[in-house]
Amino acid sequence: MVNKVLILIPTNKDKSYCIGRFIKNLKSIDLTNCDVLFSDDTLDNDEYKSIIESQGFEVVKVQKTIDKLNSGEKINIVQCLANARETLRNEFLKRVQYNYAVFFDSDILMPKNSVSQLISHKKDIVSGVYWQWKEKSKQLDVPDLKKKVNYKYSELYPVCFKYQENECEEIGINLFGSEVELNELFPCRLIGGSKDSIRFTAFGTGIFAISRKLMNDRWRFRYNPDKPETTEDMWFSIDIRELGYDIYIDSSVCCSHQMQQWKNKIKNKENQQ
């Protein structure tokens, strides 16, 4: 049976800094047997939506978020993203011709074979790999100054988390697991599952494939206002693990993450030249 895939992309005007590069990348990857659906929750009289539609893509508005914004209600950015993902999920469930969905965030740049590679494993959930910045600092001795200085630097880390050997399997809402080291993801392979030496507790939802079976199960994309430090992808990871699903990551699907910090770093560098 040929797998029919619906690619789901939550976005809004805040991603204007990277949407052009994203769409160029999207059009360059293998979209065989794929259709594409964006969501947008921007209050701009559909200006941003029209930009995406002019490139030949379908866009749905996230009415739940838009109604709240129109009423003057403040809404957390994570809640907006949860609403957007849930809107796209509901659209997928209504379109019964698709047996897989692949989520891309609009600040991710993907390899050409991303879709086919992720669904080739025939798993209910498989993520690719992308990176976040982590700002760090440390004290350095400077002999010439005869004092210590605070040295600030940035470090990239993969957006996924794992069980440690000394951790119980019931990692709950206060413990998402331990960070995965870069060397654990290579050589490139499919990682995860109950028999693997690395078992994932959570992953970033910037790029992942999900089966219709799992999309139709008893969970939803959500935000917990009682724990504002958490994100919708963490709750998604918890909910699907509680339903008995293993999280897999294909480290060969290695992506670039165009974060806002990335834009600012580039801009600062250009200003210095």
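## Close-up views of a predicted model

**View 1. Arg89 lies in helix α4.** Helices are DSSP runs of H or I with at least four residues, strands are runs of E with at least two, and both are numbered from the N terminus. The structure is a predicted model in which local features need pLDDT of at least 70 and side-chain atom pairs count only at pLDDT 80 or more, while totals for chains, interfaces and linings use all residues. Residues are numbered from 1 along each chain as its sequence is written, and side-chain values use heavy atoms, with hydrogens and water left out.

Arg89 has a relative accessible area of 6% and is therefore buried (under 20% relative accessible area; exposed is over 50%, partly exposed in between; 1.4 Å probe, protein chains only). Beyond four places in sequence, Arg89 touches Met215, Asn216, Asp217, Trp219, Arg220 and Phe221, where a contact means heavy atoms within 4.5 Å. The side chain of Arg89 makes a polar contact of 3.2 Å with that of Glu86, and a polar atom of the Arg89 side chain lies 2.7 Å from the backbone oxygen of Met215. A polar contact is a pair of N or O atoms within 3.5 Å; within protein, one must be able to donate a hydrogen and the other to accept it, and residues adjacent in sequence count only if both atoms are side-chain atoms. The C-alpha atoms of Arg89 and Arg212 are 9.9 Å apart, across a sequence separation of 123 residues.

**View 2. The largest pocket has a volume of about 860 Å³.** Among its 36 lining residues, Lys15, Ile77, Leu81, Asp105 and Asp107 are the closest to the centre. Two or more lining residues come from each of β1 (5–11), β2 (34–40), α4 (77–94), α7 (232–242) and α8 (260–272). Helix α4 gives the most, with six residues. By type, the lining comprises 15 nonpolar, 11 polar and 10 charged residues (nonpolar: Ala, Val, Leu, Ile, Met, Phe, Trp, Tyr, Cys and Pro; charged: Asp, Glu, Lys and Arg; polar: the others, Gly among them). A pocket is an open set of points on a 1 Å grid over the protein atoms alone, where a 1.4 Å probe fits, with protein on both sides within 12 Å along at least five of seven lines; lining residues have an atom within 4 Å of a point. Points are joined across faces, edges and corners, and the volume is the space filled by probe spheres set on them.

**View 3. Helix α7 is largely enclosed by the rest of the structure, because 10 of its 11 residues are buried.** The buried residues are Glu232, Asp233, Met234, Trp235, Phe236, Ser237, Ile238, Asp239, Ile240 and Arg241. Their cover includes α4, β6 (125–129), β9 (160–162), β12 (200–203), β13 (207–211) and α6 (212–215). Just after α7, Gly244 has a positive phi of about 100°.

**View 4. Lys61 is found in strand β3 (residues 58–61).** The side chains of Lys61 and Asp46 form a polar contact of 3.5 Å. Neighbours within four places aside, Lys61 is in contact with Asp40, Thr42, Asp44, Asp46, Lys49, Ile66 and Thr87.

**View 5. Cys18 and Cys160 are both buried.** Cys18 has a relative accessible area of 1%, and Cys160 has 2%. Zero disulfides are found in the whole structure, a disulfide being a pair of cysteine sulfur atoms within 2.5 Å.

**View 6. The protein chain has eight helices and 15 strands.** Of its 273 residues, 49% count as buried. Of the contacts with a separation of 6 or more, 73% are between residues 24 or more positions apart.
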